[in-house]
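Please keep the sequence and the 3D view at hand while reading.

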Amino acid sequence: MKEPKKIGLPREVWMGPRVISKVAHVCRKLELGKRALIVADPTTFELVGSKVKSQLERAGFEVNHTIINEADLPTVAKVREISGGKIDFFLGVGGGRCIDVAKLASFQEGRPFVSVPTAASHDGIASSRASIKGGKKPTSIETHAPIAIIADTLIIRRAPHRLLAAGCGDIISNLTAVRDWQMAHRIKGEPYSEYAAMLSLVSYQIVMENAGLIRKRTEESVREVVKALISSSVAMAIAGSSRPASGSEHLFSHALDITAPKPALHGEQCGVGTIMMAYLHGEDWVAVKEALKTIGAPTNAKELGIPPKYIVKALTIAHKIRPDRYTVLKDGLSRRAAERLAKITGVI
């Protein structure tokens with residue numbers, strides 16, 4: 001008999017134009033308590049966080065806020081120190097950094113958190129995982145899913161298109177993540193959820209089929225990307241791991257974070273990684289490349305702003321990032337094989 005498994009999912013998801021006005025309503029409806037802490041960066045607090053704070057205060061909440069610049073363990077510790085154990089719930093207002101810091105701090109404090117994304121750059125806006133810098137390797141920490149997501153598509157639309165395109169790269173990577181997972185299940189007997197895999201691939205299809213629409217940066221295109229990011233996060237919650245949305249292409253991205261002097265955005269690197277990993281899996285890597293190009297996401301080293309030698313280096317060490325995670329990279333690529341892969345797919 002299988003062990004019982006808890007699936008953590010948001011209780012409220014608000015997505016669309018001007019839903020930012022619903023923050024106080026949602027927090028009151030969920031009975032989260034009266035004392036809130038907003039985590040934002042300088043830009044997102046000025047543009048959105050200050051308005052959220054005023055809205056909550058008018059509704060009778062006691063609200064504090066803290067400004068962050070990094071998503072690392074010292075910042076999480078600082079946020080927890082500011083909360084002083086007296087906060088009922090946290091709100092992450094901003095992009096991935098703000099949401100990840102609020103997510104981990106709230107988890108460690110045993111308090112719920114509300115995700116208020118101002119950009120759709122990766123699936124962290126809805127997932128239970130937080131990408132936090134801390135050790136020698138980039139760290140993805142299992143925490144808890146947001147109790148609510150309030151994604152105002154008009155606010156997200158105002159963010160630079162590069163961030164939306166990066167979010168699409170993160171979603172498109174679901175293709176190779178699922179293929180890696182299926183391989184691990186077949187060869188290593190790793191637990192596998194067909195439902196979670198299908199949901200992850202649906203997210204991938206949403207972006208592939210709407211690449212032209214997404215390029216237009218309309219409110220509708222933002223909604224499609226946010227919808228795909230949320231469904232991708234739900235797939236991970238059902239699987240109980242990041243397997244449906246993180247495979248060899250993510251290992252490549254994490255390796256680039258280590259090797260490249262100036263890494264690109266996480267989703268951008270995952271998109272380029274997907275092109276190469278799709279080739280290794282025998283998938284239609286050309287279609288992946290064309291979709292990314294249509295959206296306006298990078299498809300090669302030059303567009304990432306990363307010299308080719310670091311692409312090759314990352315490919316040779318990617319399998320060491322998470323040795324426990326079986327992927328198409330298996331025991332790693334030689335320098336020659338890595339260079340050949342990157343050249344065949346036009347990445348270098």
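## The setting of helix α15

The buried residues of α15 are covered by parts that include α11 (248–259), α12, α14 (301–304) and α16. The model is a predicted one, and in it α15 is mostly covered, with seven of its 10 residues buried. Those buried residues are Tyr310, Ile311, Val312, Ala314, Leu315, Thr316 and Ile317.

## Aromatic pairs

How many aromatic pairs does the structure hold? There are three aromatic pairs in the structure. In one of them, the ring centres of phenylalanine 61 and phenylalanine 89 lie 5.9 Å apart and the ring planes stand at 80 degrees, so the pair is edge-to-face. Because phenylalanine 61 belongs to the loop between α2 (42–58) and β3 (62–67) while phenylalanine 89 belongs to strand β4 (residues 89–94), this pair ties together parts that are 28 residues apart in sequence.

Are phenylalanine 61 and phenylalanine 89 buried or exposed? Phenylalanine 61 is buried, with a relative accessible area of 6%, and phenylalanine 89 is buried as well, with a relative accessible area of 0%. Another of the pairs joins tyrosine 279 and tryptophan 285, whose ring centres are 6.3 Å apart and whose planes are at 75 degrees, so this pair is also edge-to-face.

Tyrosine 279 itself is partly exposed, with a relative accessible area of 27%.

Which residues does tyrosine 279 contact, leaving aside its neighbours within four places in sequence? With those neighbours set aside, tyrosine 279 is in contact with Trp285, Arg340, Leu341, Ile344 and Thr345. As for histidine 185, which is 94 residues from tyrosine 279 along the chain, the C-alpha atoms of the two are separated by 20 Å.

Most residues other than glycine have a negative phi. Arginine 18 is placed in the loop between β1 (12–16) and α1 (23–29), and it is exposed, with a relative accessible area of 58%.

Lysine 330 is not a glycine either, although its phi is positive at about 45 degrees. The loop that holds lysine 330 runs between α15 (308–317) and α16 (335–344), and lysine 330 is partly exposed there, with a relative accessible area of 46%.

## The second largest pocket

Rolling a probe the size of a water molecule over the atoms shows where empty space is left. The second largest pocket has a volume of about 370 Å³. Its lining consists of 20 residues, and those nearest the centre of the pocket are Ile7, Gly8, Leu9, His144 and Ala145. Sorted by class, the residues that line the second largest pocket are seven nonpolar, seven polar and six charged.

How values were computed
Residues are numbered from 1 along each chain as its sequence is written. This is a predicted model: local features need pLDDT of at least 70, side-chain atom pairs count only at pLDDT 80 or more; totals for chains, interfaces and linings use all residues. Side-chain values use heavy atoms; hydrogens and water are left out. Rings of Phe, Tyr and Trp (its six-membered ring) pair if their centres lie within 6.5 Å; planes under 30 degrees apart count as stacked, over 60 as edge-to-face and the rest as tilted. Helices (H or I, at least four residues) and strands (E, at least two) are DSSP runs, numbered from the N terminus. Buried means under 20% relative accessible area, exposed over 50%, partly exposed in between (1.4 Å probe, protein chains only). On a 1 Å grid over the protein atoms alone, a cavity is a set of points where a 1.4 Å probe fits but cannot get out, and a pocket is an open set with protein on both sides within 12 Å along at least five of seven lines; lining residues have an atom within 4 Å of a point. Grid points are joined across faces, edges and corners, and a volume is the space filled by probe spheres set on the points. Ala, Val, Leu, Ile, Met, Phe, Trp, Tyr, Cys and Pro count as nonpolar, Asp, Glu, Lys and Arg as charged, and the others, Gly among them, as polar. Contact means heavy atoms within 4.5 Å.
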